[in-house]
Amino acid sequence: MLWPSSRTSCCATRIACSKPMEKAVNQATLPPKLPPAFERKVEVRGFLQWINAPERRGALLVTPALATLFLINILPLLWSFGLSFFNYRANRLTAPKFQGLENYTDLLGDDRVWERFVTTGLIVSSSVALQLLIGFGLALLFAKKFPMRRLALMFVLTPMMLSFVSVAIFFKLFYDPTLGMLSWFISLFTGESFALLATPAGAIAGIVIADAWMWSPFVMLLVLAGLVSVPGYLYEAAEIDRAPSWKRFRTITFPYVKSLLLLALLFRTIETFKTFDLVFLITEGGPGSTTETIAIYAYRLGFQFFRTSEASALAYMILFVVIVLTSIYLYVVKQRNASEGV
Amino acid sequence: MASGFRTHDQAGPVRTFFAWLVGIIYFAPVFWIVLTAFKTRADALAIPPKLVFAPTLDNFRAVFFQTSTTGEVTGSGVWLYFANSAFIAGSSVLLALIIGTLAAYAFSRYPLKGNDTYLFVILSTRMLPPIVVIIPIFLVFRLTGLSGSYIGIILLYTGFNLPFSIWMMKSFFDDLNPEVEDSARMDGSGDWSVFGRIALPQVKAGLAATSVFALILTWNEFIFALLLTGPETRTVPVAIASTIGGEIGVDWGKLSAMVSLFLIPVFIVTFALQNQLLRGVTFGTVRK
């Protein structure tokens with residue numbers, strides 16, 4: 001590619017070659033000292049050779065990626081970690097003062113923060129539970145071949161590929177008290193229009209329904225992969241043994257789906273825990289602050305109240321939870337790959 | 001490639017019926033928006049909701065050709081936002097794909113000391129809540145004037161797409177048979193030509209899947225775009241979101257038309273990539 005390949009025959013190319021035999025030979029044939037005019041050129045070329053050496057290949061290839069990630073992800077991460085120990089406010093010019101762990105202790109002692117954690121927990125647990133349930137059901141329904149299955153699958157799988165913005169708009173229209181289908185349907189029984197998002201419980205339900213609609217297909221996709229990987233002869237054997245269907249499910253189907261279900265659970269918990277877009281767009285945290293998730297609260301702290309340092313500290317608390325969950329996720333992935341020889 | 005859900009069992013008529021019924025119900029919200037896009041203002045507001053109506057293209061015409069004085073997103077603005085979305089997503093995905101594929105190949109073939117740690121950190125940067133990075137990024141962008149510029153948001157999205165590209169491409173490289181590369185090496189090919197002529201052509205499908213997934217993720221991204229794009233670089237999700245802020249006066253027909261247009265690429269991709277979907281949504285961690 002960009003670097004001269006190690007096969008270009010030129011005496012300088014071989015200098016950096018790692019094989020000791022060739023090195024010795026080449027050193028012997030080289031003039032003991034290069035003329036000064038060539039030194040610079042050789043230096044550059046020598047550097048290219050050094051960097052292109054086979055034992056450095058891995059490091060060379062990952063360097064651009066790691067450098068980019070460091071610049072765009074890690075550095076800001078360290079910066080906001082630093083900020084979280086100060087009392088910096090992005091809208092003031094006064095020099096920030098170091099105050100140690102004060103932001104963290106303040107946040108941990110703040111009832112508002114715990115309220116947000118409870119709200120987030122409520123949304124995460126109900127939405128993820130719903131996703132697992134619906135996703136599992138969908139997977140069972142779609143596990144067999146039928147006419148135009150590919151198209152039907154697309155209908156079900158599309159929601160998770162949509163942007164939060166469009167999903168939020170679907171559901172805002174759906175919940176709208178004057179135009180929405182939901183309000184119209186309920187008014188058939190009550191005779192009154194119905195504003196789901198006006199009550200705290202309704203607003204939470206509204207978010208959970210939208211989120212579960214969007215992400216149940218994700219669970220379905222994983223479970224489906226498990227279901228179709230069950231070897232058919234197991235079912236045939238069960239048939240011969242006349243095993244009852246629940247037992248067949250528990251001893252044959254479930255073991256194949258178990259690890260994927262766990263992965264789906266972890267993955268969705270991580271993603272739902274950071275939920276920002278959907279809630280922000282559907283309820284903006286309202287009514288009041290009853291649907292404000294922890295991510296939205298951090299956003300408000302940082303960009304509406306300009307308590308930048310406190311927002312960073314809170315963001316770090318979110319990050320901690322996410323990192324713990326991510327390590328568990330990767331642990332399960334590894335276990336699964338090891339047990340299946342993938 | 002592992003399809004993830006190919007099966008040979010035939011479903012009975014009852015299951016077929018229910019699967020289709022559920023599929024259609026599941027798709028209803030999307031279908032409803034697309035229908036609304038073709039309704040006149042009166043039809044869109046009708047109670048009870050109208051399923052049968054005379055379709056009109058007025059909403060689409062309004063989205064693209066009407067200039068409005070009320071600050072709504074219409075006319076030339078819409079062209080700009082669609083172009084911005086395509087340009088920003090396209091260039092950041094290309095960058096991330098080039099850098100990411102090289103790194104993925106290295107992680108797969110030349111494991112470094114602490115390979116797994118690197119990969120864990122890389123995945124974590126993808127999993128981390130945007131709010132953690134967005135505060136310092138916002139400050140830096142404000143300081144350097146990158147806020148509202150193309151370069152700023154493209155760089156940011158490159159960093160955002162890179163972990164995804166690395167994990168996805170690594171999973172594709174891991175699937176290859178290394179003996180093919182070894183035998184090419186025996187025949188005297190250098191590392192670079194093994195990579196370029198042997199490994200890369202075998203993962204063409206993977207490159208396509210990875211880039212298309214990354215394109216969709218970037219195309220859909222909202223919060224970074226909300227905070228870090230300016231009037232000139234605004235992307236479609238931000239433009240759409242800005243129209244639903246006020247409770248009163250939302251023109252649902254026009255909004256639906258814009259959302260429908262925004263969704264077209266996503267539909268095409270979901271249909272085309274069905275077999276790679278499982279890998280795509282799990283960042284290559286689950287292949288089958």
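What percentage of the contacts in chain B between residues at least 6 apart in sequence join residues at least 24 apart? The share is 75%, where two residues are in contact if their C-beta atoms, placed from the backbone, lie within 7 Å.

## Reading the model

This is a predicted model, in which local features need pLDDT of at least 70 and side-chain atom pairs count only at pLDDT 80 or more, while totals for chains, interfaces and linings use all residues. Residues are numbered from 1 along each chain as its sequence is written, and chains are lettered from A and ligands numbered from 1 in the order in which they are written.

## Confidence in chain A

Let's begin with pLDDT, the predictor's confidence in each residue, from 0 to 100. Chain A has a mean pLDDT of 82, with 87% of its residues at 70 or more.

## Two helical chains

Helices (H or I, at least four residues) and strands (E, at least two) are DSSP runs, numbered from the N terminus. Chain A has 15 helices and 0 strands, and chain B has 14 helices and 0 strands. The C-alpha trace of chain B spans about 75 × 65 × 30 Å along its principal axes.

For burial, the count is of other C-beta atoms, placed from the backbone, within 10 Å of a residue's own: 20 or more is buried, 12 or fewer is exposed, and in between is partly exposed. In chain A, 38% of the 342 residues count as buried; in chain B, 47% of the 288 residues do. Among contacts in chain A with a separation of 6 or more, 69% are between residues 24 or more positions apart.

## Where the chains meet

In chain B, 88 residues are in contact with 85 residues of chain A. Helix 1 (residues 13–37) of chain B gives the most to this side of chain B, with 13 residues. By class, the side of chain B that touches chain A has 63 nonpolar, 19 polar and 6 charged residues. Here Ala, Val, Leu, Ile, Met, Phe, Trp, Tyr, Cys and Pro count as nonpolar, Asp, Glu, Lys and Arg as charged, and the others, Gly among them, as polar.

## A helix pair in chain B

Helix 8 (residues 178–186) of chain B and helix 9 (residues 191–202) of chain B have axes that come within 10 Å and cross at roughly 140 degrees. Axes are lines fitted to C-alpha atoms, for helices over the stretch in contact, and angles run from 0 to 180 degrees between N-to-C directions. Helix 8 of chain B and helix 9 of chain B are therefore oblique to each other; angles under 35 degrees count as roughly parallel, over 145 as roughly antiparallel, 65 to 115 as roughly perpendicular and the rest as oblique.

From helix 8 of chain B, the contact takes in B:Val180, B:Glu181, B:Ala184 and B:Arg185, and from helix 9 of chain B, B:Val194, B:Ile198 and B:Ala199. This contact has 5 nonpolar, no polar and 2 charged residues.

## Positive phi in chain A

Most residues other than glycine have a negative phi. A:Met148, which is not a glycine, has a positive phi of about 55 degrees. A:Met148 is in the loop between helix 6 and helix 7 (149–157) of chain A and is exposed, with 11 other C-beta atoms within 10 Å.

A:Glu284 also has a positive phi, near 55 degrees. A:Glu284 lies in the loop between helix 13 (277–282) and helix 14 (294–303) of chain A, and counts as partly exposed, with 15 C-beta neighbours inside 10 Å.
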